[in-house]
Amino acid sequence: MADTVQSLEALSALKPAVAPEAPKYVQKLDSLGRAYATGRRKDAVARVWVKPGSGNIIINDKPLEVYFARPVLRMLIQQPLVVTNRNGQYDVRCTVSGGGLSGQAGAVRHGLSRALMNYEPELRAVLKRNGFLTRDPRVVERKKYGRRKARRSFQFSKR
């Protein structure tokens, strides 16, 4: 048990507990010099590898413009690179599965943000401030028994 302090002199002699330092984030690379991260959104899961290069983004062995034809989804994926001023500096290769195109784009963005942070830990503050490192927890609500959908009831008829 801790000893009780009987006087002010004894109290001043006690040293305050040292606050733990903030964790230091270090660069995490594989044997090929790439940073890896996993991104998730809805039912989609993306595995993302980042390495320095000319800015090529390959998704499931297809270029970004072919896999995601809608400009909104392409813009969504490139947001972490634009915010950190790293557009055109990294080659991104990823595999994504599950969910629809919108969920897959969100998963790639999440994975790309985490992979960038693994390659350059000093980018963490910028990415976190813009909300790119937070996994969006919203998922589809399950269907309940006795109902048509999650909340929709069957149509009522008085007959």
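How much space lies in the largest cavity? About 40 Å³. The views below come from a predicted model.

**View 1. The largest cavity and its lining.**
Rolling a probe the size of a water molecule over the atoms shows where empty space is left. Searching the whole structure turns up 1 cavity of 30 Å³ or more. The residues that line the largest cavity are Tyr25, Val26, Lys28, Met117, Asn118 and Pro121. Sorted by class, this lining has 4 nonpolar, 1 polar and 1 charged residues.

**View 2. Arg86 and its surroundings.**
Find Arg86 in the loop between α3 (71–83) and β5 (90–97). Is this residue, Arg86, buried or exposed? Arg86 counts as buried because its relative accessibility is 18%, and buried means under 20%. A polar atom of the Arg86 side chain lies 2.7 Å from the backbone oxygen of Thr84. Leaving aside neighbours within four places in sequence, Arg86 is in contact with Leu81, Glu120 and Leu123.

**View 3. The salt bridge between Glu120 and Arg86.**
Side chains of opposite charge can pair when their charged atoms come close. In the pair of Glu120 and Arg86, the closest N and O atoms are 2.8 Å apart. This pair links distant parts of the chain, 34 residues apart. Glu120 sits in the loop between α4 (101–119) and α5 (124–129). Arg86 sits in the loop between α3 and β5. Glu120 is buried, with a relative accessible area of 11%. Arg86 is buried too, at 18% relative accessibility.

**View 4. The salt bridge between Asp61 and Arg93.**
Here the side chains of Asp61 and Arg93 meet, at 2.7 Å from N to O. The pair links distant parts of the chain, 32 residues apart. Asp61 is in the loop between β3 (57–59) and β4 (62–63), while Arg93 is in strand β5. Asp61 counts as exposed, at 62% relative accessibility. Arg93 counts as partly exposed, at 43%.

**View 5. The salt bridge between Glu141 and Arg151.**
The closest N and O atoms of Glu141 and Arg151 are 3.0 Å apart. Both residues lie in the segment after α5, so the pair ties together parts that are 10 residues apart in sequence. Glu141 is partly exposed, at 37% relative accessibility. Arg151 is exposed, at 63%.

**View 6. A network of salt bridges.**
Which residues are linked in this network of salt bridges? They are Arg41, Asp136 and Arg138. In total, the structure holds 7 salt bridges.

Definitions and conventions. Residues are numbered from 1 along each chain as its sequence is written. This is a predicted model: local features need pLDDT of at least 70, side-chain atom pairs count only at pLDDT 80 or more; totals for chains, interfaces and linings use all residues. Side-chain values use heavy atoms; hydrogens and water are left out. Helices (H or I, at least four residues) and strands (E, at least two) are DSSP runs, numbered from the N terminus. Buried means under 20% relative accessible area, exposed over 50%, partly exposed in between (1.4 Å probe, protein chains only). A polar contact is a pair of N or O atoms within 3.5 Å; within protein, one must be able to donate a hydrogen and the other to accept it, and residues adjacent in sequence count only if both atoms are side-chain atoms. Contact means heavy atoms within 4.5 Å. On a 1 Å grid over the protein atoms alone, a cavity is a set of points where a 1.4 Å probe fits but cannot get out, and a pocket is an open set with protein on both sides within 12 Å along at least five of seven lines; lining residues have an atom within 4 Å of a point. Grid points are joined across faces, edges and corners, and a volume is the space filled by probe spheres set on the points. Ala, Val, Leu, Ile, Met, Phe, Trp, Tyr, Cys and Pro count as nonpolar, Asp, Glu, Lys and Arg as charged, and the others, Gly among them, as polar. A salt bridge is a side-chain nitrogen of Lys or Arg within 4 Å of a carboxyl oxygen of Asp or Glu.
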